[in-house]
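Reader: Please take me closely through a single part of this model, and spell out the cut-offs behind each term as you go.

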Amino acid sequence: MKVTVVGAGAVGASCAEYIAIKDFASEVVLLDIKEGFAEGKAMDLMQTASLNGFDTKITGVTNDYTKTAGSDICVITSGIPRKPGMTREELIGINAGIVKTVSENLIANSPDTIIIVVSNPMDTMTYLVHKTSGLPKNRIIGMGGALDSARFKYRLAEALEAPISDVDGMVIGGHSDTGMVPLTAHATRNSIKVTEFLSEERLNQVKEDTKVGGATLTKLLGTSAWYAPGAAVSALVQAIACDQKKMFPCSALLEGEFGLSDLCIGVPVILGRNGIESIVEIELSDAEKAHMAASAEGVTKTNGLLDV
């Protein structure tokens, strides 16, 4: 199992680290355009191998896509991160060109790969890969919902004053501050709906805190977060590599599901060795349907800024 991560910045390096620590891949290739940067990150990570008990080989390369040949899964984290006050959508001009070039180079060397898109605006960048790569739709996945759901569960556990292992919940919709649809009515604490424990007012606060989860961290850190995004990517990669058939909310190309077409947006999917094995259509309330429709409208508007 060979995994390539393009972009050796904070998110890409965290992604490589978590994949290596889980020890399910034989090799992780870390690629960056900055001379020596990926090599340095890879060497630093390899020097943790004996301490963290993993045998995954991490290789760093500077812009040499031939070293990524034969990758089973490729992760695109490259592009500029958010600065305080920026929306994910404001990154589109620069990041679209980067993502298109990166995906073309990856597919030229690994035509059978599965691509996971992390670069923002994530739903639109995932759509761009669909429109320009020629890969089947099951092999192009946008990572947003897995991260947003992890942030949702963190906020739920905080509100419930419960261990996070007791909490389950999911966020669908667009990966944006306004587009996320946290499914509070479906969230549970050890199989009991959280509506049994939390007031509507408190749940609305959880929902709003979840939606601005990335912006909150960007304001605190001065740049985008990296630990949780890296962990979210590694969970998706592991589900595919180990054929786990796990359910995650991911950005997938819709063709009528949830009443939506010709866009990529976060919906529950089953991930396995073929990438997206299936899209799971769940029953939504009228309010959730309305939020999802508004989210889709926002994503479609951002897609319209693409030159494809």
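**The largest cavity**

Author: The largest cavity has a volume of about 40 Å³, a cavity being a set of points on a 1 Å grid over the protein atoms alone where a 1.4 Å probe fits but cannot get out, and its volume the space filled by probe spheres set on points joined across faces, edges and corners. The model is predicted, with local features needing pLDDT of at least 70 and side-chain atom pairs pLDDT 80 or more, while totals for chains, interfaces and linings use all residues. Residues are numbered from 1 along each chain as its sequence is written, and side-chain values use heavy atoms, leaving out hydrogens and water.

With a threshold of 30 Å³ or more, the count comes to one cavity. Around the largest cavity there are 14 lining residues (those with an atom within 4 Å of a point), and G145, D148, G173, G174 and H175 are the ones that lie nearest its centre.

Turning to the elements behind that lining, at least two residues each come from α5 (122–133), α6 (145–160), β8 (171–173) and β13 (261–272), where helices (H or I, at least four residues) and strands (E, at least two) are DSSP runs numbered from the N terminus. Of the lining of the largest cavity, β8 supplies the largest share, namely three residues.

Terms used
1 Å grid on protein atoms, 1.4 Å probe; cavity = no way out; pocket = protein on both sides within 12 Å on 5 of 7 lines; lining within 4 Å.
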